Amino acid sequence: MKRQFLIQKNNVRFIIACCVLLIGTVMGSNLAEAYIFEEESAVMHVTSLHSENSAQLKGHHSEKAVYAYSDGAQLTTMVYMALFWSPQPMVIPRPQLPDRQIGNDPSMPVLAPRTEQVLDTHKVTATGYTAGVESTGKGPKHPQYGITYSGVKVRRDKETVSTIAADPKLFPMGSILYIPGYGYGIVADTGSAIKGNKIDLYFPTTKQVYKEWGKKDVEVQVIKQGAGKCTEKMLEELSEAIDVYKSIPDSWLDKAI
């Protein structure tokens with residue numbers, strides 16, 4: 001009788017040893033998975049990111065990556081749950097993507113310039129114009145369609161900078177203005193009716209001119225006095241700076257235009 005008891009005891013020990021080895025094998029085969037245990041809340045996180053989703057995250061407009069739990073991770077999680085059982089609820093939340101940097105978010109509006117950046121203010125009458133016949137007398141087939149007096153292409157970008165028309169005697173070419181309700185504008189064009197305290201703001205269509213602007217009396221802020229020219233390179237550099245900082249950095253304003 002005593003001998004049978006010893007045999008059964010040895011069998012139990014053998015079974016326990018086999019289970020321990022099996023558990024170690026399962027956990028060792030899932031080193032690619034990440035496990036984080038929090039002692040206070042007994043919360044277990046198991047994350048597994050597919051390589052193809054990682055590649056998508058590198059794109060500027062990539063879709064949100066999808067996190068999934070592999071079969072191995074799920075099995076190992078069940079083993080941990082069995083070994084470290086707690087009367088408290090055990091939660092396995094899906095990991096969250098880190099928040100995007102504010103500077104890379106294209107949906108944020110531009111910020112108004114700081115007080116110390118404003119060189120002067122002018123009360124002007126601002127109207128809207130397009131590149132079409134109704135404003136310039138040029139159609140899409142005209143070789144100069146969409147080309148401003150300075151030679152750059154018209155552009156409207158609420159998130160960075162747009163081209164505007166002004167009287168070069170008041171606002172020389174290349175001058176940078178902040179127009180409340182419109183954003184940053186760089187003087188790149190002129191107009192026969194744009195004299196004195198009048199400016200023309202570019203919009204892609206006449207519908208946008210009437211819907212978004214019309215005719216307004218506004219107080220514009222002069223951020224940079226132009227030197228009589230406006231180039232595509234200036235536009236691109238200014239656009240990139242505003243896209244990053246959501247306003248014009250002092251380092252860019254210090255550059256000669």
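**Entry 1.** I began with Lys158 and Glu212, whose side chains meet in a salt bridge, 3.8 Å from N to O. The two lie 54 residues apart, so I count this as a link between distant parts of the chain. I found Lys158 in the loop between helix 4 and strand 4. Glu212 sits in helix 5, residues 206-213. Lys158 is partly exposed at 48% relative accessible area, and Glu212 is partly exposed at 29%. I note that this model is predicted.

**Entry 2.** I then asked how many salt bridges the structure holds. There are five.

**Entry 3.** I looked up Asp250. Asp250 pairs with Arg114, and their closest N and O atoms are 2.6 Å apart. I placed Asp250 in helix 7, residues 250-253. Arg114 is in the loop between helix 3 (71-83) and strand 3 (120-129). The partners are 136 residues apart. Asp250 has a relative accessible area of 36% and is partly exposed. Arg114 is also listed at 36%, partly exposed.

**Entry 4.** I turned to Arg155 and Glu236. Their side chains form a salt bridge at 3.5 Å, N to O. This pair, too, links distant parts of the chain, 81 residues apart. Arg155 lies in the loop between helix 4 (133-136) and strand 4 (161-166), while Glu236 belongs to helix 6, residues 232-245. Is Arg155 buried or exposed? At 17% relative accessible area, Arg155 falls under 20%, so I call it buried. Glu236 is partly exposed at 40%.

**Entry 5.** Last, I looked for shared partners. Salt bridges join Arg114, Glu116 and Asp250 into one network.

Conventions. Residues numbered from 1 in each chain as written. Predicted model: local features only at pLDDT ≥ 70, side-chain atom pairs only at ≥ 80, totals over all residues. Heavy atoms only, no water. Salt bridge = Lys/Arg side-chain N within 4 Å of Asp/Glu carboxyl O. Helix = DSSP H or I, 4+ residues; strand = E, 2+ residues; numbered from the N terminus. Buried < 20%, exposed > 50% of the residue type's maximum accessible area, 1.4 Å probe, protein only.
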